[in-house]
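Colleague: I have a new model open and want to learn to read it. Can we go through it feature by feature?

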Amino acid sequence: MKPRFAEFAGRIAHDAGGDPWALHWEARNAKARGEDVIVLSVGDPDLDTPPAVVDAAVAAMRGGDTHYTESAGRPALRAAVAALHTRRTGQAAGAENAIVLGGCQNGLFVSSMLLAGPGDEVIALDPMYATYPATIRASGATLVPVAAPAANGFHPDLAALEAAVTPRTRAIFLATPNNPTGVVFTEADVDGIAALARRHDLWVVSDEVYAGIADGGRVPSLAARLPEKVLTLGSLSKTHAMTGWRAGWIVGPADFIAHAEQLALNMLYGLPGFVQQAAQTALDIADEAETVVRAYCTARRERLYRALEGLPGVRAIWPDAGMFMLLDVRATGLTAGDFVRGLYQAERVSLLDGAAFGRATEGFVRACYAAEEPMLDDAARRIRRYCERLAPAR
Ligand SMILES: Cc1ncc(COP(=O)(O)O)c(C=O)c1O
């Protein structure tokens with residue numbers, strides 16, 4: 001007999017289209033076996049975690065900081081997260097407004113579970129980070145994707161957003177800077193979204209995991225406009241090259257944070273103390289660390305963009321910030337899925353099909369440019385060779 005699982009297991013399963021990461025894992029495994037493969041399909045900066053952060057973790061471990069910790073994080077770390085939030089957004093916040101969780105992803109899940117449930121609707125701007133559908137559906141709510149369409153430069157379409165709101169809508173999920181588009185929502189975009197959320201009494205979950213690598217280390221802030229209904233999510237993953245440490249947070253109203261603490265108690269039981277000590281150091285040196293990652297990404301954005309100029313049938317789209325660039329492959333006549341599979345087979349370069357992020361990026365593929373320069377150059381040469389071979393067939 002087939003084992004039975006809770007309905008919840010179905011809600012977090014992959015969509016019928018299968019696992020969009022399958023090709024990425026295949027490429028990663030091939031690379032691990034020593035094969036000549038270039039993996040630009042994941043957003044993990046090719047940089048080391050700052051040594052001071054590693055030292056803090058090692059010292060904490062050696063000092064015996066290996067026991068249970070507070071579920072919401074240590075008060076000093078929560079205060080440091082709140083202080084970073086205030087620097088970035090201008091919004092006043094204290095330790096009671098911050099909870100430390102296992103990465104921004106954990107923050108997304110906690111937000112989803114606490115803001116909506118069966119019978120509710122949650123809007124997410126499409127394209128959306130690939131985990132959003134399952135994360136949102138996990139609560140039992142219905143996901144309502146609303147396009148931030150290519151025709152609008154992947155900025156929100158406020159009229160479409162307004163039209164999608166129903167009496168059942170509870171929240172809007174979005175990411176700025178965006179993954180996969182690299183778009184930073186403008187002051188006008190966030191003004192419009194905040195006004196709409198206020199009118200309809202909606203929560204806004206603003207995923208700002210890449211904010212520290214945007215120009216000046218900040219983006220136009222929703223929280224500053226609607227403090228009582230906006231959750232701002234962040235982490236050290238991208239800004240400090242710390243994806244494996246799983247250190248992230250939510251900043252929001254104190255009553256929300258109290259519920260999040262209760263969920264963290266039952267689900268996570270607190271981040272390891274040595275990770276929290278490392279995170280504290282990471283926040284102490286946030287300005288320097290972010291400057292390093294920002295400079296790294298900015299230089300490589302330019303480099304990859306220039307290297308991909310004039311590709312037959314493929315147009316690179318300049319991102320405002322982050323570590324991703326979209327390539328519009330619609331003029332090749334291939335689906336983006338066929339394009340990435342063909343590229344991998346022919347040239348052993350792994351990119352991600354934009355369809356993994358929603359309908360608005362069908363026909364686009366995503367490249368991560370947070371990689372060493374010789375590897376980026378090599379990838380660009382291979383992509384060009386592939387596109388040139390495709391061209392006569394059209
Ligand atoms: C938009 C977005 N949100 C959240 C995450 C997850 O970040 P973290 O490592 O902090 O969980 C990512 C990772 O790629 C992302 O791109």
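Predicted model: local features only at pLDDT ≥ 70, side-chain atom pairs only at ≥ 80, totals over all residues.

Colleague: In which sense do S12 and S13 pair, and over how many bridges?

Modeller: The general idea first. Strands of a sheet pair through backbone hydrogen bonds, either parallel or antiparallel. Here S12 and S13 (residues 364–368) pair in the antiparallel sense, over two bridges.

Colleague: Which strands form the open sheet, and in what order?

Modeller: Four strands, in the order S9-S10-S13-S12, with antiparallel pairing. Strand S9 (315–317) and strand S12 (352–353) stand at the edges. Each has a single partner strand, so one side of each is left without a neighbour in the sheet.

Colleague: Now strand S7. Where are its bridge partners?

Modeller: Take the two pairings in turn. Strand S6 (residues 203–207) pairs with S7 in the parallel sense over four bridges. Val204 has Val230 in S7 as its bridge partner. Strand S8 (residues 248–251) pairs with S7 in the antiparallel sense, over four bridges. There, Leu233 stands opposite Ile250 in S8.

Colleague: Is S7 mostly covered or mostly open?

Modeller: Mostly covered. S7 spans residues 230–235, and six of its six residues are buried. Val230, Thr232 and Gly234 point one way from the strand. Leu231, Leu233 and Ser235 point the other way, and all of these residues are buried.

Colleague: Step back to the whole chain. How many helices and strands are there?

Modeller: The protein has 13 helices and 13 strands. Its radius of gyration is 21 Å, close to the 21 Å that the globule rule gives for 394 residues, so the protein is as compact as a globular protein of that length. The C-alpha atoms fill a box of roughly 60 × 55 × 55 Å along the principal axes.

Colleague: What share of the residues counts as buried?

Modeller: 52% of the 394 residues. Look at contact range as well. Take contacts between residues at least 6 apart in sequence: 74% of them join residues at least 24 apart.

Colleague: What are the bounds of the domains?

Modeller: The domain assignment gives domain 1 as 7–48 + 288–386, and domain 2 as 51–285. Their centres, taken over C-alpha atoms, are separated by 24 Å.

Colleague: How many residues of each domain are in contact with the other?

Modeller: 32 residues of domain 1 are in contact with 35 residues of domain 2. On the domain 1 side, helix H1 (7–11), helix H11 (286–307) and strand S10 (324–328) each supply at least two residues. H11 gives the largest share, six residues. By class, that side of domain 1 divides into 17 nonpolar, five polar and 10 charged residues.

Definitions and conventions
Residues numbered from 1 in each chain as written. Pairing = 2+ DSSP bridges. Domains from an automatic or database assignment. Contact = placed C-beta atoms within 7 Å. Nonpolar A, V, L, I, M, F, W, Y, C, P; charged D, E, K, R; others polar. Buried ≥ 20, exposed ≤ 12 C-beta atoms within 10 Å, placed from the backbone. Rg over C-alpha atoms; globule rule 2.2 N^0.38 Å.
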